[in-house]
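This report examines how the elements of one protein model pack against one another. Please consider the sequence and the structure below before reading on.

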Amino acid sequence: MQYETEEQQVEALKAWWAENGRAVILGIVIGVLLIGAWMWWKSYQENKAVAASDTYSQSIEALEAGQHDKVAELFEVAKSDHAGSLYGAYTGLAAARSAVEQGSLESAAERLDWVVDHAELDSVGMVARVRLARVKAALGDAEAGLAALPDDYPESFTALVEEARGDLQVTAGNNDAARTAYQAALDAGNAVDANALRMKFNELATVGG
């Protein structure tokens with residue numbers, strides 16, 4: 001629309017503002033609030049990540065210093081403040097190792113159970129499950145340990161899982177099943193210690209099932 005005079009333009013602007021001004025202001029306010037909320041959330045998440053990382057670092061330092069009570073305290077912090085975070089899960093793994101070093105396998109199993117339930121990454125949860133299986137076997141229940149091992153896992157975890165399965169099958173007295181598991185671990189080609197794994201397999205080569 002074209003206006004013949006400046007007064008007409010002013011009057012048209014006033015009319016438009018009277019009709020739409022409140023909506024425009026509301027939109028601006030909402031936009032500012034959304035941007036502010038997003039920036040606050042981003043800062044909050046970054047601060048949480050830093051805090052979780054610091055908790056894990058402290059747990060490792062305490063573990064290396066043999067300060068097991070402090071490790072336990074930091075694990076409680078991880079459970080309350082960092083559940084579901086990567087560093088929270090790492091702190092749980094450190095706490096489980098601390099419990100094993102103290103000979104408290106029950107506590108180790110509880111901590112590993114927590115990691116399995118709260119690990120953000122499947123790979124971390126997988127490591128926790130393998131360690132949990134070994135702890136259950138060490139507690140005298142190899143069958144429970146075997147049940148804790150995953151049946152489905154990424155190819156990169158084959159050696160880790162199947163070597164653990166072989167060890168637990170040996171503990172359970174199932175040598176044929178142990179040989180099968182060790183062979184699968186060897187075939188994967190990514191064992192942490194291939195020589196030790198080969199020795200386990202060879203020791204069973206002439207043993208009955």
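## Surroundings of L112

Leaving aside neighbours within four places in sequence, L112 is in contact with L93, A96, A128, R131, L132 and V135, where contact means heavy atoms within 4.5 Å. This is a predicted model, in which local features need pLDDT of at least 70 and side-chain atom pairs count only at pLDDT 80 or more, whereas totals for chains, interfaces and linings use all residues. Residues are numbered from 1 along each chain as its sequence is written, and side-chain values use heavy atoms, with hydrogens and water left out.

One of the partners of L112 is A128, whose place is in helix α5; helices (H or I, at least four residues) and strands (E, at least two) are DSSP runs, numbered from the N terminus. A128 is buried, with a relative accessible area of 0%; buried means under 20% relative accessible area, exposed over 50% and partly exposed in between, with a 1.4 Å probe and protein chains only. Residues up to four places away in sequence not counted, A128 touches L93, L112, V115 and V116. The C-alpha atoms of A128 and L149 are separated by 9.8 Å, the two residues being 21 apart along the chain.

## Nonpolar cores

A nonpolar core is a set of buried Ala, Val, Leu, Ile, Met, Phe, Trp, Tyr and Cys residues joined through side-chain atoms within 4.5 Å. The largest such core has 21 residues, of which L93, L112, V115, V124 and V135 touch the most other members. Two or more residues of this core come from each of α1 (6-64), α2 (68-81), α3 (86-101), α4 (105-118) and α5 (122-138). Apart from it lies another core, of 11 residues, including A133, A137, L146 and V161.

In soluble globular proteins, nonpolar side chains tend to be buried together.

## Packing of α4 with α5

Helices α4 and α5 pack at an angle of about 155 degrees, with their axes 9 Å apart; axes are lines fitted to C-alpha atoms, for helices over the stretch in contact, and angles run from 0 to 180 degrees between N-to-C directions. That makes α4 roughly antiparallel to α5, given that angles under 35 degrees count as roughly parallel, over 145 as roughly antiparallel, 65 to 115 as roughly perpendicular and the rest as oblique. The crossing of the pair α4 and α5 is left-handed: the near helix is turned anticlockwise from the far one by less than a right angle, while clockwise would be right-handed.

On the α4 side, L105, A108, A109, L112, D113, V115 and V116 meet V124, G125, A128, R129, R131, L132, V135 and A138 of α5. The residues of this contact divide into 11 nonpolar, 1 polar and 3 charged; Ala, Val, Leu, Ile, Met, Phe, Trp, Tyr, Cys and Pro count as nonpolar, Asp, Glu, Lys and Arg as charged, and the others, Gly among them, as polar.

For α2 and α3, the packing angle is about 150 degrees and the axes are 9 Å apart. These two helices are therefore roughly antiparallel to each other, and α2 passes α3 in a left-handed crossing. H68, V71, L74, F75 and A78 in α2 meet G88, T91, G92, A94, A95, S98 and E101 in α3, a contact whose residues comprise 6 nonpolar, 5 polar and 1 charged.

Q58, found in helix α1, touches K70 and L74 when residues up to four places away in sequence are not counted. Q58 is partly exposed, with a relative accessible area of 26%. Between Q58 and T91, 33 residues apart in sequence, the C-alpha to C-alpha distance is 9.0 Å.

Helix α7 (residues 158-171) packs with helix α8 (residues 175-188) at an angle of about 160 degrees, their axes lying 8 Å apart. This makes α7 roughly antiparallel to α8, and their crossing is left-handed. Residues of the contact include T158, A159, E162 and R165 of α7 and N175, A177, A181 and Y182 of α8. By class, the contact of α7 with α8 holds 9 nonpolar, 4 polar and 4 charged residues.

D176 is found in helix α8 and is partly exposed, with a relative accessible area of 43%. D176 and L204 lie 28 residues apart in sequence and 8.3 Å apart in space, C-alpha to C-alpha.

## Overall composition

The protein has 9 helices and 0 strands. Buried residues make up 32% of its 209 residues. Among contacts between residues at least 6 apart in sequence, 51% join residues at least 24 apart.
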